[in-house]
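Subject: Structure handover

Hello,

Here is the structure for you to take over. Please open it first, then read the notes below.

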Amino acid sequence: KNGREVGRGCGMADVAVDAGAGAGAASLAAAGTGPGGVTRDEAAEVERETHREENAALPLKRRQSEGTASTDSQGRANVMVEPHAQNKRPKLLYPILFLILGWLMAVGFLAGLIYEVTKDRSLYYDPSEQNTSQWSYIGVTSPPFWANLSDEFTTCAKGRLQSPINVNRGINSGWVNSPEDNDELGTLADIITLPSGTVTVQREFENFAPMFYCEGVPCLNVNIPGIGQFSSNSFMFRTPSEHVVDAFGTEAEIQFYATDGSAENGYRGVIVSAFMVLNANNSFSNESSTSTVISLFRDTPLEIRIDTLLPPLTGGYIAYNGSLSYPPCTEGYRYVIAKGLVALAPAVGEYYASLVSYPGNARNTQPDNGRAVLNYGPAALPSPQPTLTPETRRRELSRAWSSRSRPAAEYTRSESEREL
């Protein structure tokens, strides 16, 4: 008994003391009574209690030797810990990690789904999604394939006077000066009359680009002897320029369609055109022209002055016989292309990009088939700097102007690089 009390006071059982106490209890039991009058039954109960404490002390000592013994909340040592409590924390850790991983994967999938649904696909060409019965400027319905789309478009491939063309001023080209009897038609002012004041312009979308209509009065009037007298009620911007000079074009071209009036000698109308450039140096840009063009791209109806969209009418022009540059490519039109340039600030490209996407709305040049290109009036036709090959330049200018995923292009004519 003394040995057990000492063992409890120390927090552990002394096996040797308990063994001695057990042996003493057994000898007393054999004699019938023990010291102090302990009976046989009491001695047996003491022995059973001793064995229970021995059995409990052995695993505890083993855990102490293995370093797995624990303490209770009061700091007492040798407290037994349930086996499932030891493994409880690792078992909960893995499900929590898998839960977090699954949540992250779900968020990523949802974000990707939102991106795919909302992203701008105007720059992507998918042949399977294209309407093959509608002509366009990209893919299998682009200008080289227009004639295959409808019997009404066969002129686009078989016509001999198709537009636009490359104005080649070489020795073996159709470039000729104006005949002597047409000297009185040497400037744009000799054949074109503009409204004296402002004109109300309304915007509509036709042929993949905005078409602008003049209301109340014509945009301009054209009178060419031998061709006819026509009024233009509409105009459109082409990007990049459809016509090129010695195989090089500009960022854009404006075209006025004068088809209403009295025609002569089989002509259907006159198309008045002018080259436009986006000049990186704003000091060389026409502020009134830039303001007018940006206003047209923002919203209509709008009151504008038509003269802000053309170079000075005191300049000369070139002329040739061509066709509509879009299906059905009807021939019988006289083209009048101003020699002057309309210089615009680079900000114009950003506004136009919101209306027309890549690759723009310009048809590729067509064979001239020996046609004469008449040179009228003073000054030479301006030539864009030949810094890039024709197709590369037209493609780069189209991307810079029309791509919705890019900012406005700032094009420096004296350098081969563009600043974006």
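The protein has 9 helices and 18 strands. Both are DSSP runs, numbered from the N terminus: helices are H or I with at least four residues, strands are E with at least two. This is a predicted model, so local features need pLDDT of at least 70 and side-chain atom pairs count only at pLDDT 80 or more, while totals for chains, interfaces and linings use all residues. Residues are numbered from 1 along each chain as its sequence is written, and side-chain values use heavy atoms, with hydrogens and water left out.

Overall figures. Of the 420 residues, 39% are buried. Buried means under 20% relative accessible area, exposed over 50%, and partly exposed in between (1.4 Å probe, protein chains only). The accessible surface is about 22,400 Å², and carbon and sulfur atoms hold 54% of that. Areas come from the Shrake-Rupley method with a 1.4 Å probe; for residues, only the protein chains shown count as cover. Contact means heavy atoms within 4.5 Å. Among contacts between residues at least 6 apart in sequence, 68% join residues at least 24 apart.

Helix α7. This one covers residues 287-298. Its 12 residues should span 16 Å at 1.5 Å a residue, and the end C-alpha atoms are 16 Å apart, which agrees. The expected span is 1.5 Å times one less than the number of residues. Its buried residues are S289, T290, T292, V293, I294, L296 and F297. They pack against strands β6 (199-206), β7 (209-215), β9 (228-238), β13 (302-304) and β15 (331-344), and against helix α8 (347-353).

T308. This residue is in the loop between β13 and β14 (317-323). T308 is buried, because its relative accessible area is 12%. Leaving aside neighbours within four places in sequence, T308 is in contact with S288, S289, T292 and V342. Its side chain also reaches the backbone oxygen of R305 at 2.6 Å.

Salt bridges. The count is 2. The rule is a side-chain nitrogen of Lys or Arg within 4 Å of a carboxyl oxygen of Asp or Glu. R305 pairs with D307, the closest N and O atoms being 3.2 Å apart. R305 is partly exposed at 36%, and D307 is partly exposed at 35%. E242 pairs with R238 at 4.0 Å between the closest N and O atoms. Here E242 is buried at 0% relative accessibility, and R238 is buried at 1%.

Surface patch. L92, I96, I100, W103, L104 and V107 make a nonpolar patch of about 610 Å². Patch residues have over 30% relative accessible area and no salt bridge; like charges are joined within 9 Å, nonpolar side chains (Val, Leu, Ile, Met, Phe, Trp, Tyr) within 5 Å. I100 sits in helix α5 (residues 88-118) and is partly exposed at 45%.

Backbone points to check. A cis peptide bond joins S163 and P164, with omega about 0°. P164 is in the loop between α6 (155-158) and β3 (166-167). Another cis peptide bond joins P327 and P328, with omega about 10°. P328 is in the loop between β14 and β15. C329 lies in the loop between β14 and β15 too. Its phi is near 60°, a positive value in a residue other than glycine. C329 is buried, at 0% relative accessibility. N369 has phi near 50°, also positive and also not glycine. N369 lies in the loop between α8 and β16 (373-376) and is partly exposed at 34%.

Best wishes

Technical notes:
A polar contact is a pair of N or O atoms within 3.5 Å; within protein, one must be able to donate a hydrogen and the other to accept it, and residues adjacent in sequence count only if both atoms are side-chain atoms.
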